[in-house]
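Q: I would like to learn how to read a protein model. Could you walk me through some features, one at a time?

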Amino acid sequence: MIKSTLRAAAVTGAAALLAAGTAGTALAAPGTGTAGSRWTQAELPTGHATLLGSAAPDAHTVWAVGATLVDRGPGRTPGFSPVLYAKDTRPGLGSWKTVPTAKGVPVRMNAVAAVSDRDGWLVGDQGADAAGAGVGGVYTEHWNGRTWSVQQLALPSATQSAGLLSVSAVNRSNAWAVGWVQLADPSVPGKPQTSHDEGLVAHWTGKAWQRVTLPHVNADWSLSSITALSPDDVWAVGVGAQGDRSIPLALHYDGRSWSVQRDAAFAGFSGSGGLAGVAAHGRNDVWAVGGFRAPGTHSTSALVEHWDGRRWTRITAPADAGNLTGVAAAPGGIVAVGSSDDDAGDAYGLRVENGRVASLGLPANTSATEYGPWAVGYYHGLVTVIGALDLAGESLPRPMVLTGRG
């Protein structure tokens, strides 16, 4: 079964979010930067949590969203509940603060998007039905400028699990979200129950979330990230199965229907890999990142693709760049984060600017602290990297935000 890395994290718990990536300077104490380092670790409210997405609802505010973690004991998956932090980036106006979300939501929130400071979205995983069992909807929350309220996406009756991993909003009545749905296959007498994954696309019409009909991709596939440039220009990326290997996927919406991209960058892909993030500057400037393993190798390399309005082209990444999980548009190109392709498991970040690719020089792990970047944003001239910290002696991670000029 094909699973995105983030979906696998729902099964394996916090440790899956702590895989990281490039040798750099050691991580500074919260609120400071190390000598010669351009990265500062934010002071965050205490507690165990992991951060999975960020957005800027206005010109001076940044949101970071994820999940608090509850240890249920050895061998059991941690429990989740949403967590949202906000910071006013203007000088002297305070530190990161916890923002209350809707009450009673029993799942993590995987992503956040904002049209304005009066219109934002959180998207998360499937919950149980009203009776606490069976097929419930996928939880999302909407921000109206004052409070967060729950909106749910209905699911097919054959659903075994589901979640939305990314959200992008065009305006108040037009938002898109993507993820996966695991569906039970028709039962065969005398044989074990089987299932398969399908990509999930949801569209907010201004009144409700609706599941969108998609073209056939293959027998097992999922979507990880979406960016909506306009009502007739939306991109989604993910991973699919092809025999015993995985392949990167890109889908496009032109205002009428969704289509699967079949150009050489994907149809001729060799090895095994997938795409985890997509970001764009405009209709003819779209970027997607992920990771792949070349045939006959066991190491993971960064996958960076660019759409110029006519075709997708592979961009050569530094040799030490491993799997990339997050990407954001930045002046002249993108910033992306993930893990390095080395035994140390250090965090890795890269920047593509005007055709040049370079490492961001993220801090390295130490014996006391390991950290994993998951997503990245570019806000108000700063690169904002979010993820989790794994501290020696603690079984659950703490939330992490790093900022720097990149």
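Predicted model: local features only at pLDDT ≥ 70, side-chain atom pairs only at ≥ 80, totals over all residues.

Q: Which residue meets the side chain of Glu394 in a salt bridge?
A: The general idea comes first: side chains of opposite charge can pair when their charged atoms come close. Here the partner of Glu394 is Arg398, with 3.0 Å from N to O. Arg398 is partly exposed too, with a relative accessible area of 25%.

Q: How many salt bridges does a search of the whole structure find?
A: The search gives 9. Another of these pairs is Asp254 with Arg256, where the closest N and O atoms are 3.1 Å apart. Asp254 is partly exposed at 27% relative accessible area, whereas Arg256 is exposed at 69%.

Q: Which parts of the chain does the pair of Arg283 and Asp232 link?
A: Arg283 and Asp232 form a salt bridge whose closest N and O atoms are 3.1 Å apart. Arg283 sits in the loop between β18 and β19, while Asp232 sits in the loop between β14 and β15, so the pair links distant parts of the chain, 51 residues apart. Arg283 is partly exposed at 45% relative accessibility, and Asp232 is partly exposed at 34%. Shared partners also join Asp232, Asp233 and Arg283 into one network of salt bridges.

Q: Now for the inside. How many residues does the largest nonpolar core have?
A: In soluble globular proteins, nonpolar side chains tend to be buried together. The largest nonpolar core in this model has 19 residues, and those with the most contacts inside it include Trp121, Leu153 and Val167. Among the strands that give two or more residues to this core are β6, β7 and β10. Apart from this core lies another one of 17 residues, including Val201, Leu223 and Tyr253.

Q: What does Val167 touch, leaving out residues up to four places away in sequence?
A: Its contacts include Ala111, Val112, Trp121, Trp176 and Ile226.

Q: Last one: how do strands β20 and β21 run, parallel or antiparallel?
A: β20 and β21 run antiparallel, joined by 4 bridges. Glu305 stands opposite Arg314 in β21. The two strands form a hairpin with 4 residues between them, and Gly309 in the turn has a positive phi of about 100 degrees.

How values were computed
Residues numbered from 1 in each chain as written. Heavy atoms only, no water. Core = buried A, V, L, I, M, F, W, Y, C linked by side-chain atoms within 4.5 Å. Buried < 20%, exposed > 50% of the residue type's maximum accessible area, 1.4 Å probe, protein only. Contact = heavy atoms within 4.5 Å. Pairing = 2+ DSSP bridges. Salt bridge = Lys/Arg side-chain N within 4 Å of Asp/Glu carboxyl O.
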